[in-house]
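Me: Please take a close look at a single residue of this chain, and then at the chain around it. What can be said about its contacts and its setting?

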Amino acid sequence: QVQLLESGGGSVQAGGSLRLSCVASGSIFSINAMGWYRQAPGKQRELVAGITSIGSTNYADSVKGRFTVSRDNAKNTTYLQMNSLKSEDTAVYYCRGEVRRNPRDYTGQYWGKGTLVTVSS
């Protein structure tokens, strides 16, 4: 099995910063893209940032210039550095990974259980 575990969420005032981490563990041969998503109360889950295995990144327009996604392939870990946080960034943040469990396996999508980020104005 494969597990993704997020950490680093919490409460912060507007203008502050948080750094989220997501570690993938279990039966892992390789990880392709990894991504961060968020879901605010009453809203659909949306992509925040993604990063490929070679480090190409993409961001939602709402976080460009404020958030930075990175990864450490040796640690099967991705990070989301969030600066200049706004109240509208309040949401549960989820990590997603495209994981191949062995060389002959298909790539499957795996999700973490989420970590709550609350930004107060």
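Reply: Contacts and setting

Leaving aside its neighbours within four places in sequence, Asp-89 is in contact (heavy atoms within 4.5 Å) with Arg-38, Arg-66, Phe-67, Ser-84, Val-117 and Val-119. This is a predicted model, in which local features need pLDDT of at least 70 and side-chain atom pairs count only at pLDDT 80 or more, while totals for chains, interfaces and linings use all residues. Residues are numbered from 1 along each chain as its sequence is written, and side-chain values use heavy atoms, with hydrogens and water left out.

With Arg-38, Asp-89 also has a side-chain to side-chain polar contact of 2.9 Å. Such a contact is a pair of N or O atoms within 3.5 Å; within protein, one must be able to donate a hydrogen and the other to accept it, and residues adjacent in sequence count only if both atoms are side-chain atoms. Asp-89 counts as buried because its relative accessibility is 0%; buried means under 20% relative accessible area, exposed over 50%, and partly exposed in between (1.4 Å probe, protein chains only).

Strands (E, at least two residues) and helices (H or I, at least four) are DSSP runs, numbered from the N terminus. Ser-84, one of the contacts of Asp-89, is in the loop between strand 8 and strand 9 as well. Phi of Ser-84 is near 50°, a positive value in a residue other than glycine. Ser-84 has a relative accessible area of 40%, so it counts as partly exposed.

As for the chain, it has eleven strands and zero helices. Its radius of gyration is 14 Å, close to the 14 Å that the globule rule gives for 121 residues, so the chain is as compact as a globular protein of that length. That radius is taken over C-alpha atoms, and the rule is 2.2 Å times the number of residues to the power 0.38. Of the 121 residues, 40% are buried. Among contacts between residues at least 6 apart in sequence, 55% join residues at least 24 apart.
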